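Trainee: I would like to go through how two chains meet in a model. Please show me the sequence and the structure.

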Protein chains: 2
Amino acid sequence: VADLLDQLRGLVGAAHVLTGADAAPFLTDWRKRFTGKAHAVVRPASAQQVADVVKLCAHTSTPIVPQGGNTGLVGGATPDASGNAIVLSLARMNKIRGIDAANNTLIAEAGCVLQTVQEAAAAQGRLFPLSLAAEGSATIGGNLSTNAGGTQVLRYGNARELCLGLEVVTPRGELWDGLTGLRKNNTGYDLRDLFIGAEGTLGIITAACVKLFPLPRAQVTALAALNNVEDAVTLLGLAQAHCGPTLTGFELFSEACLKLVEKHFSDHRSPFGARHPQYVLLELSDHESEAHAQQLLESTMQTALERGLAQDAVIAQSQAQSRALWELREHISEAQALEGKNIKHDISVPISRIAAFVQETDALLQQHFAGMRMVTFGHLGDGNLHYNVSPPEYGSRNIDAAFEVKMAEKAHEYCADTSETLFLSQQSAIYQCVHDQVRKHAGSISAEHGIGQLKREELLRYKSEVELRLMRVIKLALDPLNIMNPGKVL
Amino acid sequence: VADLLDQLRGLVGAAHVLTGADAAPFLTDWRKRFTGKAHAVVRPASAQQVADVVKLCAHTSTPIVPQGGNTGLVGGATPDASGNAIVLSLARMNKIRGIDAANNTLIAEAGCVLQTVQEAAAAQGRLFPLSLAAEGSATIGGNLSTNAGGTQVLRYGNARELCLGLEVVTPRGELWDGLTGLRKNNTGYDLRDLFIGAEGTLGIITAACVKLFPLPRAQVTALAALNNVEDAVTLLGLAQAHCGPTLTGFELFSEACLKLVEKHFSDHRSPFGARHPQYVLLELSDHESEAHAQQLLESTMQTALERGLAQDAVIAQSQAQSRALWELREHISEAQALEGKNIKHDISVPISRIAAFVQETDALLQQHFAGMRMVTFGHLGDGNLHYNVSPPEYGSRNIDAAFEVKMAEKAHEYCADTSETLFLSQQSAIYQCVHDQVRKHAGSISAEHGIGQLKREELLRYKSEVELRLMRVIKLALDPLNIMNPGKVL
């Protein structure tokens, strides 16, 4: 081990091989659900240094855990407890290598923070549309490795659709230059999309060429109050027919979400006089003018009110009002976290089945885990819900007796306080209930967060044998030594 | 062999195992550049029958050449001369399995003709935007296996971006059900995109779930006359900034293209009084109204004229006028074919380099292959040109003397008339000249047609060793017996 560390120091410089307390922040995930060990955290400064480190690791059969901004939600960038691995942080590879405005492309190194990429594009009058809560610290390499989604997928697609080319270090330590900025290139197998979403298990993305778009002139937001999820789905179809690709956001959240935001953030309040079961936030991005966008949104909302799809609606009259409406949506996760630990489901189902999914699954959970509070919100336009569960409120707990016993048996495995322990001990039972429903409705158990270590067993439960075999065959072919992020995904 | 044919007849029915004259149409490609042999043409009726046939072929090490509408341009669906293979035609698998309008998805079997898919979507008020010259006979399976492009890629992407899920028979004869209709699904490796564009060398696509879009209310077309390609690139940026995603088509063609169309199709004439070096066809697809689209196109063209980017412009005032402008563009390939054999380059380069590419490469070709006529047109918005070469006109031939000698030496290899023979004997030299330029400008030697057998040697010349190794490793892992379309791509 001392020898390995010496060699790593030789490759990247002693200052960039972290151990002990310096390494600690890299060994726990953002949600503090997973903590691992590692020989060291290694911080190469170039793709060539990444290749050199990987070659050394291949030679010594040392597992490598690639890490970007460490904002993942499934423990994909956290090493296991064995301590045999190194964490390879891409954080120092944070240069924008270039922008080609006429080609609408930008080349960024993997360690570039997403917001930096957005800002570099905006400085040239261009939009890089990937946008998500962690954009101030998540890196583009991590975004691509997990095929990140976010709030503008409806119009622009996931990270996958926003990437034209990659530079990748293979598990052998070869450097593949696939950094093309072409919209069309049909010359052989699609290696790019194999590395995207592979969570670092097939190689290490060191740079990417991403798509840019002309900056829209105006963005205008509306909030609609609805009776139920079914109306929200109908409203989506109406808005798409009226607004076409101008519709860039369509987010759903429930009254429970809004109440949580109002409880924990007193600055953020419902704009409506009355309370409603569901809310939809719509965003238009317009290349003509703010007036044109407002007019289009007004006529769409007018139709929705006339048809009884919306019970009430407000249309932002300024950027500040648009911001305020978005903040209701954006504070939900944080409000739920302030309320205590929760169990997240990052699911998707076909949009046509989303109303039935919510209705049936809400009922099932109340039946088997009485008192649980549903905090359901997300990207309805993509069929993607964060179908999150918070524990029953203190004093109103009314949990099934058999589960109470089971939870008590498991309590010693946890170190948190009792109520949190009891709640989290139900995680796998709740997972199974929700994910069985997802399967029934032809959905996905991980819409945008990936598998990592959190959902690895779930993956084995729900994937077909054929698909698992194909995945294993590809993993074995590209990484025969199994050094690339072992224990993740597969 | 008799035994193999008997077993195939047992699997799909005697009427669907074609030999002799019945098989002949399947053994020559559409352009009549390649002819091969096969034990038989096998026409299964279901994914299960495809799986059964593949299992039998795996057992007997019989190569399989999958074929859709046989409209490919690179010989990817034509067997080699050995006669050891079977051609597996997907033509009988031509059902639309279902449309989910609320989810904006459609499931089609591989043998569905592209136009049938478009029409099924339109009947539900939806758009399936993949559109290309061969859409009346090309199949969706072939479109996906070659990652087809076409005229609306600018807005909607290639076939790859239009596909959400696949059903595939693997080289082992397993049936993989990946027919998801989800916009977001981050559960493991992206097998879908590995099969898309693999030209049948990794498995056989038997069905696909594709994306639909709301039908736009109006499509309006304009034709602009320009001084040069550079102005066309600047006009593209202007149109994208003004029109955003409303801009769904941006096609370039040269004066030489227009003259060819006018020569061979007397119904189709330039709408301009004067002649111009280049023309750009713009199409807007609008969700508001025809009037709105016309107004947007008018203001865009007005700006282009004021800035001197366009020398003249016409905007269609009716669907019939839009159609007439499109037909100028759509008749170029046919007009060039009527002029005689030609050498096609299906290239892409970054849009920012396209003007320099055309200028430099035109000059190089005139220097080395004097008199050759450039027939350059294509999807400028995607950086994709059909940079085609026709032979010098009779009587004005002025070919480099050294080449004349070389051509004469090769003439006996061909059976066409002498002038055609001489011309086609230069194909590989012209390929190399153009493709070296493509490499210099960071482009692709096959933007949308694929590799097949036509460009296999070119692929080996221009791909990096690392990329070729990765492709071979994947091929070997998925198809260890090398029975899936051998001799294509790799």
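Trainee: Which residue of chain A forms a salt bridge with R160(B)?

Mentor: This is a predicted model, in which local features need pLDDT of at least 70, side-chain atom pairs count only at pLDDT 80 or more, and totals for chains, interfaces and linings use all residues. Side-chain values use heavy atoms, without hydrogens and water. A salt bridge is a side-chain nitrogen of Lys or Arg within 4 Å of a carboxyl oxygen of Asp or Glu. For R160(B) the closest N and O atoms are 2.9 Å apart, and the partner is D190(A).

Trainee: How many residue pairs are in polar contact across the interface of chain A and chain B?

Mentor: A polar contact is a pair of N or O atoms within 3.5 Å; within protein, one must be able to donate a hydrogen and the other to accept it, and residues adjacent in sequence count only if both atoms are side-chain atoms. Both residues of a pair must be at pLDDT 80 or more, and the count of pairs between chain A and chain B is 45.

Trainee: Which helix of chain A supplies the largest share of the side that touches chain B?

Mentor: Helices (H or I, at least four residues) and strands (E, at least two) are DSSP runs, numbered from the N terminus. Among the elements of chain A that each supply at least two residues to this side are helix 8 (229–243), helix 10 (290–306) and strand 9 (175–178). The largest share, 10 residues, comes from helix 18.

Trainee: How much area do chain A and chain B bury between them?

Mentor: Buried area is the accessible area (1.4 Å probe) that two parts lose on being put together, summed over both. Here 57% of it is on carbon and sulfur atoms, and the total is about 6600 Å².

Trainee: Why do the copies meet through the same surface?

Mentor: Contact means heavy atoms within 4.5 Å, and chain A and chain B each bring 80 residues to it. The copies meet through the same surface because the share of interface residues of chain A that are also interface residues in chain B is 100%.

Trainee: What average pLDDT does chain A have?

Mentor: pLDDT is the predictor's confidence in each residue, from 0 to 100. In chain A, 95% of the residues score at least 70, and the average is 94.

Definitions and conventions:
Residues numbered from 1 in each chain as written. Chains lettered and ligands numbered in written order.
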